[in-house]
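Thank you all for making time this morning. I would like to walk through one structure with you, going from its strands to its charged pairs and then to its nonpolar cores.

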Amino acid sequence: MLYSSIKKLVLATSVATLFASCDKKNDVLEPEAEGNFQYVVVATPEGSTSEGADYLLQTGSLTEGSITTVGAGLEQDGYRYYVFHKNKAFSFLYGQGNPGAVTTYALNENGILTYQSNLQTETVQVFGTYGDELILMKCPRSFASPNAGIYRVDAVNPQIVGSTYIDVAQLAGNGEMAHFTGVFQVDNKVYAPYMCIKDNYFRTDLTDSVWIAVFSWPDMTLERIIRDNRTSYIGHYFALAGVSQVENGDVYTFSHAPAGHAEDGIKPSVKPSAALRIKKGASEYDQNYFFNIQEASGGYHLYKAFYLSGTKFLLTVGVNKEETPQWGETNALKFAIIDVETKSFTWVTGMPEPEQLVHVSRLPYVEEDGTGIAFGITVASEYPHVYTIDVAAARATKGLEVISGCITSIGKLTF
């Protein structure tokens with residue numbers, strides 16, 4: 001638990017172990033794990049940004065102590081992003097136009113994070129989970145090659161177990177291309193929200209509608225498209241968030257409504273950032289439900305929504321009312337707890353002021369029971385720290401120090 005007693009780290013000299021060529025290991029110190037779990041904190045070295053090569057570190061606590069990328073951790077070989085699923089850490093290499101890789105890590109019987117396997121794949125931009133599998137999507141941005149690749153990966157014994165393609169120009173059907181912003185399991189279906197784009201620069205004239213492609217499982221056949229025009233599209237490039245099925249079976253979706261990017265060829269939306277609902281078992285949006293997040297926040301645009309438990313979510317919102325936070329612009333954010341059923345909105349206290357933020361982790365850690373969520377936060381003139389948020393109190397507390405450049409992801413594994 002985030003709020004459990006602090007686990008003391010005992011350092012011991014390790015013996016070098018050779019991994020696959022995509023992976024390196026520092027031969028200095030490893031922590032001896034106590035209890036039956038470890039947090040995995042992904043961080044870049046000091047002086048590097050969020051797109052630098054990461055180190056996978058482990059710790060028994062997120063609330064106190066200090067860990068470092070110097071002489072510790074598992075070094076990655078480039079810009080990577082992460083999924084924690086089936087008690088494994090999956091590290092995805094972003095290879096630009098080149099093939100990527102899916103490298104798997106897990107805790108051994110002594111609680112030490114170790115390399116498990118490496119799988120060669122396409123470089124993908126979208127990834128999610130379904131049961132015992134991962135779903136990966138390679139999203140094209142050219143009408144010359146409009147087929148998006150969809151791949152199923154066994155997460156228990158990592159290997160590609162299925163693949164298919166969909167023509168994203170045909171899917172959009174409006175003169176632009178569908179560009180998926182996430183992929184999510186909803187009951188026995190796959191929901192893949194998308195934005196529309198005209199080219200490689202994400203220019204678009206279509207910012208005032210919501211689209212979700214619904215696929216069957218496991219053959220990933222397109223069954224229908226769920227649409228609405230009360231707000232903008234769900235998520236944004238590399239959002240990988242925006243659709244969540246809550247405990248009662250209802251589905252909530254979140255739209256950020258882009259504003260202020262007309263000079264970049266993105267038509268500003270006239271719709272507000274908002275949440276919509278699809279009732280359990282329904283195939284269309286509930287026209288009686290609309291949560292105007294932009295109004296509730298005092299005029300701010302949504303960045304991301306993270307599901308906690310019940311009907312509660314953690315939101316990050318941009319502080320410039322004339323701009324919408326975009327992928328890569330993960331600083332200058334405020335944090336809030338909302339209840340989508342009651343439409344309550346509560347600002348989180350205890351976080352650094354938005355103008356102090358240099359970087360916010362892409363992937364936070366959410367407690368299994370939804371009572372806490374932890375972000376890696378970097379402010380100027382300090383090493384990054386993990387801030388844990390008590391959901392009931394809507395209060396953040398500064399915790400673990402990570403001697404590094406920034407924290408990109410946080411997860412938890414057991415052994």
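Before I come to the first sheet, a word on terms: two strands count as paired if DSSP finds at least two bridges between them, and the strands themselves are DSSP runs (E, at least two residues), numbered from the N terminus. Please keep in mind that this is a predicted model, in which local features need pLDDT of at least 70 and side-chain atom pairs count only at pLDDT 80 or more, while totals for chains, interfaces and linings use all residues. Residues are numbered from 1 along each chain as its sequence is written, and side-chain values use heavy atoms, with hydrogens and water left out.

With that in place, let me begin with an open sheet of four strands, in which the order is E25-E26-E27-E28 and the pairing is antiparallel. Strand E25 (302–309) and strand E28 (344–347) stand at the edges with a single partner strand each, so one side of each is left without a neighbour in the sheet. On average, neighbouring strands here are turned by 25° against each other, direction ignored, where the axes are lines fitted to C-alpha atoms and angles in general run from 0 to 180 degrees between N-to-C directions. Looking at one pair in detail, E25 and strand E26 (residues 312–318) are joined in the antiparallel sense over six bridges, and Lys304 has Thr316 in E26 as its bridge partner.

Now to another pair of strands. Strand E16 (residues 177–180) runs antiparallel to strand E18 (residues 189–197), with four bridges between them, and the bridge partner of Met177 in E18 is Ile197. Both faces of E16 are covered, since Met177 and His179 on one side and Ala178 and Phe180 on the other are all buried; buried here means under 20% relative accessible area, exposed means over 50%, and partly exposed lies in between (1.4 Å probe, protein chains only).

Let me turn to charge. A salt bridge is taken as a side-chain nitrogen of Lys or Arg within 4 Å of a carboxyl oxygen of Asp or Glu, and by this rule the count comes to 11. In one of them, the side chains of Asp199 and Arg203 meet at 2.7 Å, N to O; Asp199 is buried at 17%, whereas Arg203 is partly exposed at 34%.

Asp250 and Lys279 form another, at 3.7 Å, N to O. This pair links distant parts of the chain, 29 residues apart, with Asp250 in the loop between strand E21 (243–245) and strand E22 (251–255) and Lys279 in the loop between strand E23 (274–278) and strand E24 (291–292). Asp250 is buried, with a relative accessible area of 5%, and Lys279 is partly exposed, with 38%.

Finally, the cores, each being a set of buried Ala, Val, Leu, Ile, Met, Phe, Trp, Tyr and Cys residues joined through side-chain atoms within 4.5 Å. The largest has 45 residues, of which Phe92, Leu136, Met137, Phe180, Tyr194 and Phe215 touch the most other members, and E18 gives the most to this core, with six residues. Phe180, which we met in E16, has contacts (heavy atoms within 4.5 Å) that include Val126, Met137, Ile166, Tyr194 and Phe215, not counting residues up to four places away in sequence. A second, separate core of 20 residues includes Phe306, Phe335, Ile337 and Ile389.
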